[in-house]
Amino acid sequence: MNSHLGFLVIGLCFLYLNASEGYAQSANIHVNASKAGSEIPATLFGVFIEEINHGVTGGLWAELISNRGFEAGGQNVPSYIDPWSIIGNESSIVVSTDRSSCFERNKIAVRMDVLCENEGCPPGGVGIYNPGILKTGRLIMWFFMFGHWVQLTSQFRWPAQTDHKFWLPPTSCEHPSFVVLEKLPLLSFQTGKKLELQLEAKGSDHFATLQFTTTKKGVIWLDQVSAMPVDTYKGHGLRKELVQMLANLKPGFIRFPGGCFVEGSWLRNAFLWKESIGPWEERPGHFSDVWCYWTDDALGYFEYLQLAEDLGSLPVWVVNNGISHREQISTSAILPFVQEMLESIEFARGDAKTKWGSVRAAMGHPEPFNLKYIAIGNEDCDKEHYLGGYSSLGNYLKYYDALRRSYPDIKIITNCDGSSQKLDHPSDIYDIHVSTSGFCVSEYAVHGEDAGKGSFLAALAEAGFLVGIEKNSDIIEMASYAPFFLNVDDLNEKDPNDNDRTWIPDAVVLNSWTQYGTPSYWVQQLFAESSGARLLSHSLLLSNVSSSLVAASTIKWKKPEDNSSYLRIKIVNFGSDALNLTMAVDGNLEDFPGYTRTLLTAQHLMDENSFNEPDKVVPVKSAGEEMDVMLPPNSVSSFDFLLGY
């Protein structure tokens, strides 16, 4: 994502046009299913994941502790430990930060000077608590609501025996119940010892917090607190329900980790892949100054590669090319950045005996990842040092030449638009984020007033756009929606649009315990079988309806479970009147058992899904046999016929 995102604008005004009164609107589509059509790229439709709108840390990545290493306030002391808060008062406890951590890249630890003893302490003891991953303090440990097991991993330094408790109390007087995880006996720890516990919730509370309390006088240091559900997607730390929503789209590729997240407003806040690998307690994290919040980089370079592999998708690794929003490295000084890229590829693809391949192997993945795409920068074509102006000696060419020499099989993606004129530099693919044609459209979406928080109107326009992408898949290799995840923290769903939730709408909206797809998400699912399918030829004849009100595409796709073949007809009715459709197919329909119809429509164009009504606008499946059907106004329809070959 970029703060100057190229929005999809395709003339939404035509959605309100009407045909002449008194004349029935009709369409006839004739599909030639017997002749093999052109093959659609296996990478045509994918997903783009970026740390934006709190969608990754505490969203896709299932970490439950916000600012788990106490590093969000910076490496100097004193520093704030927000959102951690103090339990007690000045007479009972003093909480401060110092640089005494045993982790070299995470030196900040919290020191708790406990001044009270036993009955002299406030009821429940003194200490600190974490309200959860979001700043309002309302969300914590979503899996406790379902009674799942949790592994709590903490780094403690105890100077003496200390009595401590793990609590999940409510933060609102409206929820008086007290959810107790575990009360541990008197324990003694050596300095720097790591404690791992499995705790089982005894109840559910959406507004719970995590507390560390004691009634023993003394000094306690607390450092690197992480709470993760044991039951994550393939045990890889990702929230299962959210990964499943990605998997349902059958993405041909996963583009990561940005977007502006790659660049930073300043280079010191750019994403650095080496800082995002290795043990979680050794990752320093960084402040995303573009999206205005701290991230611990738990979903790092390795985890992104692993996610792509888990979903059977190809990773598209977006590398920083020495350019941020506010500063640029000159081409004469860019070689260290080029070397960073080459080492990142060695980490992904190198033999386990290589320097960086051995680091990957030590993280549990001895075999190389299938990295075949590198995007050099993000929306940087207009930057002075990207192409070097008239000198043609820009940063891009340094990256390109290094890649061609070391990894000639990797496809290189430029940020520059080659749709209207020929590129003046070499590239395998060009990536554009605007509403014109191109080889790669890695960020598309309808954004603005008509899009609301995820309106059906926006999804309808995007459906027409994707039909166009599909029909032009001979020149378009990739397309993905952006942004994908929006993490909100308000049960009543007040407008979450604040300074660190910048882009709305999104494909999937979530909180700590549930999620729903916007209409835009469901439109994408209608195209899930398109990547790798065959584009079939068809003719579309319209009567008493403008051609601008109907978009259609036809494909032949295979179901991997039994390798059966299907004909799919997708048709978008942009008009405000119903459309009578007659379908005709040349080809071997398997005993013509009928078809499966999927319909996506809404009562009102501005209808949206929500936590209260997550299924207000979702596809509805039905069986049919008649070749004459009615398409509702403002609708997307898909028809699947089983083929006999």
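**Helix α4.** I began with helix α4, residues 335-349, which has 15 residues and reaches 21 Å from its first C-alpha to its last, close to the 21 Å expected at 1.5 Å a residue. The expected span here is 1.5 Å times one less than the number of residues. Helices (H or I, at least four residues) and strands (E, at least two) are DSSP runs, numbered from the N terminus.

**Ground rules.** I am working on a predicted model, in which local features need pLDDT of at least 70 and side-chain atom pairs count only at pLDDT 80 or more, while totals for chains, interfaces and linings use all residues. Residues are numbered from 1 along each chain as its sequence is written, and side-chain values use heavy atoms, with hydrogens and water left out.

**What covers α4?** In α4 I found Val338, Met341, Leu342, Glu343, Ser344, Ile345, Phe347 and Ala348 buried. Buried means under 20% relative accessible area, exposed over 50%, and partly exposed in between (1.4 Å probe, protein chains only). The cover over these residues includes α3 (301-310), β17 (314-319), α5 (355-362), β18 (373-376) and α7 (395-406).

**Ile374.** Next I looked up Ile374, leaving aside its neighbours within four places in sequence. Its contacts (heavy atoms within 4.5 Å) are Trp317, Val319, Met341, Ile345, Leu403, Ile410, Lys411, Ile412 and Ile413.

**The cores.** Which residues touch the most other members of the largest nonpolar core? They are Leu60, Tyr301, Ile374 and Phe639, out of 128 residues. A nonpolar core is a set of buried Ala, Val, Leu, Ile, Met, Phe, Trp, Tyr and Cys residues joined through side-chain atoms within 4.5 Å. The largest share of this core, nine residues, comes from α8. Domain 1 (26-41 + 532-642) and domain 2 (46-61 + 235-527) both give residues to this core, so it lies between them; the domain bounds come from an automatic or database domain assignment. Apart from this core lies another, of 21 residues, among them Val110, Met112, Cys121 and Ala227.

I then traced an open sheet of seven strands with antiparallel pairing, in the order β2-β26-β28-β29-β34-β31-β32. Strands β2 (38-39) and β32 (620-624) are at the edges with a single partner strand each, so one side of each is left without a neighbour in the sheet. Two strands pair if DSSP finds at least two bridges between them; β31 (residues 595-601) and β32 run antiparallel and are joined by five. Thr596 stands opposite Ala623 in β32. Helix α8 (residues 456-471) packs on the sheet, touching β26, β28, β29, β31 and β34, and its direction makes about 65° with that of β28. For that angle, axes are lines fitted to C-alpha atoms, for helices over the stretch in contact, and angles run from 0 to 180 degrees between N-to-C directions. I noted that 14 of the 16 residues of α8 are buried.

**Strand β13.** Ten of the twelve residues of β13 (residues 218-229) are buried, so this strand is largely enclosed by the rest of the structure. Five bridges join it to β6 (residues 109-114), and the two run antiparallel. Arg111 has Trp221 as its bridge partner in β13.

**Gly55.** Is Gly55 buried or exposed? At 0% relative accessibility, Gly55 counts as buried. Gly55 sits in the loop between β3 (45-48) and β4 (85-87). Its C-alpha is separated by 5.1 Å from that of Leu486, 431 residues apart along the chain.
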